[in-house]
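Thanks for coming. I have one model to show, and I will keep to contacts, areas and a couple of side chains.

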Amino acid sequence: MSVARQYPAPSEVKEELLKKYPTKVAKKRSKSIVLNDPDQPKEIQANIRTVPGIITQRGCCYAGCKGVVLGPTRDILNIVHGPIGCSYYAWLTRRNQTKPETAEEANYVPYCFSTDMQEDHVVFGGEKKLTKAIEEAYEIFKPKAIAIHSTCPVGLIGDDVHAVARAMTAKLEDCNVFGFSCEGYKGVSQSAGHHIANNGLFKHVVGKDNTVREGKFRINLLGEYNIGGDSFELERLFEECGITLVSTYSGNSTYLDLMNSHMVDLNLVMCHRSINYIGEMMETKYGVPWLKVNFIGAESTAKSLRKMAEYFGDEELKAKVEEVCERELAKTTAALAASKPKTEGKLAMLFVGGSRAHHYQELFKELGMKTIAAGYEFAHRDDYEGREIIPNIKIDADSKNIEELKIKPDEELYKPRKTAEEIEALKAKGVELGEYKGMMPDMAEHTFVIDDISQYESEKLIEIYKPDVFCAGVKEKYVIQKMGIPLKQLHSYDYGGPYAGFEGAINFYKDIERMVSSRIWKLIDAPWEKAKKEQPELTATYVA
Amino acid sequence: MLLRHTTAEVKEREGLTINPAKTCQPIGALYAALGIHGCLPHSHGSQGCCAYHRSMLTRHFKEPVMAATSSFTEGASVFGGQANLLQAINNIFTIYEPDVIAVHSTCLSETIGDDLQQIVTKAKDEGKVPEGKFVIHASTPSFVGSHVTGYSNMVAAMATQFAESTGEKNGQINIVAGWMEPSDMREIKRLSKELGAKILLFPDMTDVLDTPQTGKFDMYPKGGVTVPQMKSLGDAECSISLGTYTAEAGAIALDKKHKVPFESLDIPIGIDATDRFMMALAKAAGVEIPEEVTRERGRLVDMLTDMQQYFHGKKVAIYGDPDHIIPLTEFLVSLDMKPVHIVSGTPGKRIEQRLREILAETVPNANVKNGPQADLFLLHQWIKNEPVDLLIGNSHGKFIARDEDIPFIRFGFPIVDRVGHSYFPNVGYTGSMRIVEKILGVLMDRQDRDAPDEKFELVM
């Protein structure tokens, strides 16, 4: 059993987090550190530029575009136009697994392609080199699609990757070449890259194949990248329920599936931040509604599957979903009973990307753990406060150059999947289409919500609250663990997983149980050090 | 097959690099800067680079890797990053209180032409650098050379911007450390101690990237070269640089500025390179090589004579950084092994030249290439055309090793799927013994795995 712990008042904690900052920095950070009130989510400052020198967790626009969204599709050949680093660091470092169906099928995921720009290309331009690289890639690999990703210097020297892409598409005929202006300095984080990737996929890929695939219930899974096999588990569930998954954006996906993805009847959205743009655009252009789901946590997985069945309104499907859920929940409940005695009452903190800091709170809830602080690296206010505040978001100077596509309904293919009445009826049943309420309403009162947390703030939070598990990424992992606090990587899952779906929940229970109860942490103090700590005056007071 | 699209047919490429055998400059500069005590490395560019470099080094060392960034936005990218760097310097000294900030650049700040010297001077003039604190800087454009070049540039910057001469020699031998693991640096210091040589190793990552678990996080760990130590570099008797491509520039800088003569050596991997290092150090320190070191060497040679049959004629493919693969190749040749394919992504004419010299007698027709397009894709194609018995290089090689079923040893940077490299050395006689142990381990495991029941041996 955990001992009740005493903490300073939240207002004092916030003061402590800001105390050491220069005045201007403290003023700015103050708006990104919010004490939560679930009934009335407060405005949080998010998606603004990083304070230079503050030691942020954030990455760049290129990482959001190539690394996150485009990288996982196995048969689009991604060429990174720039010096070698960007391509190198995004080479197999995100665990978006992929499983070709045959030994012949294209799979470029284990490869890393770069134009390896040298000084003379920066001086004289790199378009010729890029053209050459595309020709060579085509000659060696014969891909159906090539994506070009711009890095920092490309925008500055004025290389026109889109013109090169158009020329090469025309020349190669059976290969679709398209470019992304995802220079690292665009926007303020990975987020800009998501948006640019969404736009590019929507312009160059979605809608290229209008065949209607077999299957009574056709869906896409948006914003699911198959980290550690998450999508494999979800694919299993869909198949068992009789659902046809046409495409996933973009874990374990193929180019052909993405081209056909507008022909489904429902989009399920996992990671709202990275993919809501495609959800919205597909609805406007083709009439496909989207539903926010969460397949992290056993209960939320069941809830999401049931909502999906409710959407289709088919009794047979509902019964099948119910059967799968009941069977799987029996397994997760048993697993939970084994783990929960070790985890109950413990404290968690989550500072992850743009969606998991919310989703994983469900799993901690199931484990009886309390999330006392959470935040995102690069989410926007709607991910924190819910989509209804979107009209109030002001796009600042740093993000205003990210293109917003103007989408109109497709003259031939636009077909609303549900009538207004049906949408209202679904809403009454808790199936709210096109809606996301954000992280804050799901967090308890007096918990901290912190956007773009700094190294300094993390250290202070740990000092004050001494959580039992801290969730973040690889840069934070060993820093936090040196403080004696186990860190669960919620980007890479510490090379385990899956954590999604029912099987994933069981994996997570076991991993967290292991982490909070490991004997290894007790070895930190050498016995002679421990003796000194426990009885510091032993030698001094000893009288013979 | 994981690399199912890699075929044996080699086509000349000019535009496309596939599966590179190098990465970019700033990660090397960041690594070198961690060898300064109380230093926070700083990346002057957009923040993605810094996140990637920290992540990669963290994956390699399983240790905290701290660095800050100027976090360029589009505005700064057009109008210059001066304001970002000035703010960063002020914020870093206020919040994180390092003794030194070591700034490096990226392709972004280099393309727009930010002048680090001028910005740092401005920061000093505006009082943003507190008394007794330092900001050094190195220009590290990612579109020139590789991570090796970035390391070298930061080491040279340390020498140039810290070393002073008082006019009086201090009896010290500077050892400029090329890109090595903390374990290797520890071994260099141990060997120097055995000799009784008064050395200063710089940069020094021991007790920085191999720190103990204490339940307490030290942003600035115990290790690293201190500012007074770096100032003393200029008064040294001489320098020995270990690693032509990563360390020599530091020694040259000290010679140019403070007339500290130097000898440029390889990183002491293998017998010959270690012999050269021991003799140079003994000569510089004016000492005899002690009996214990000679016995240490003898134990290594004994191991080799005992196991000679297992090395002889085995074909090896090697890839990695020049300072690592040059002495390694020399070592393998001395073991009667045949390095038949060698690539390094790092450009430079001298690399191939040195490798050719080493291979001239035993493998004159070896495939050797470096620079852009000298990548793991090419290496894999060469292997398909002429299979090898052993593959040596960083973690990226595991895909080739699996597809082609080749015994594989992890060596160099980065190693992100095993531990040990930062704790056990590859340099010196002891480190060489460890390399030999690893080679024998994978070769014998393979023999055991493939042997039919009747030929499965207990004693080998």
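Some conventions. This is a predicted model, in which local features need pLDDT of at least 70 and side-chain atom pairs count only at pLDDT 80 or more, while totals for chains, interfaces and linings use all residues. Residues are numbered from 1 along each chain as its sequence is written, chains are lettered from A and ligands numbered from 1 in the order in which they are written, and side-chain values use heavy atoms, with hydrogens and water left out.

Start with chain A against chain B. The contact, meaning heavy atoms within 4.5 Å, involves 80 residues from chain A and 77 residues from chain B. About 6,800 Å² is buried between the two chains, and carbon and sulfur atoms give 63% of that. Buried area here is the accessible area (1.4 Å probe) that two parts lose on being put together, summed over both. On the chain A side, the residues that lose the most area to chain B are A:Y88, A:Y89 and A:K482, together 13% of what that side buries.

A:K482 forms a salt bridge with B:E63, with 3.0 Å between the closest N and O atoms.

Which helix gives the most to the side of chain A that touches chain B? That is α6(A), with eight residues. Helices (H or I, at least four residues) and strands (E, at least two) are DSSP runs, numbered from the N terminus. By class, this side of chain A has 45 nonpolar, 19 polar and 16 charged residues. Ala, Val, Leu, Ile, Met, Phe, Trp, Tyr, Cys and Pro count as nonpolar, Asp, Glu, Lys and Arg as charged, and the others, Gly among them, as polar.

Next, inside chain B. An automatic or database domain assignment divides chain B into domain 1 (25-162), domain 2 (173-291) and domain 3 (295-453). The centres of domain 1 and domain 3 of chain B, taken over C-alpha atoms, are 34 Å apart. In contact there are 12 residues of domain 1 and 13 residues of domain 3. The area buried between these two domains is about 990 Å², with 67% from carbon and sulfur atoms.

Last, two side chains in chain A. A:S300 sits in helix α13 (residues 298-312). Its relative accessible area is 8%, so A:S300 is buried, the cut-offs being under 20% for buried, over 50% for exposed and partly exposed in between (1.4 Å probe, protein chains only). A polar atom of the A:S300 side chain lies 2.8 Å from the backbone oxygen of A:I296.

A:T447 is in the loop between α17 (420-428) and β12 (448-450). A:T447 is also buried, at 1% relative accessibility. Its side chain reaches the backbone oxygen of A:A444 at 2.7 Å.

Methods: A polar contact is a pair of N or O atoms within 3.5 Å; within protein, one must be able to donate a hydrogen and the other to accept it, and residues adjacent in sequence count only if both atoms are side-chain atoms. A salt bridge is a side-chain nitrogen of Lys or Arg within 4 Å of a carboxyl oxygen of Asp or Glu.
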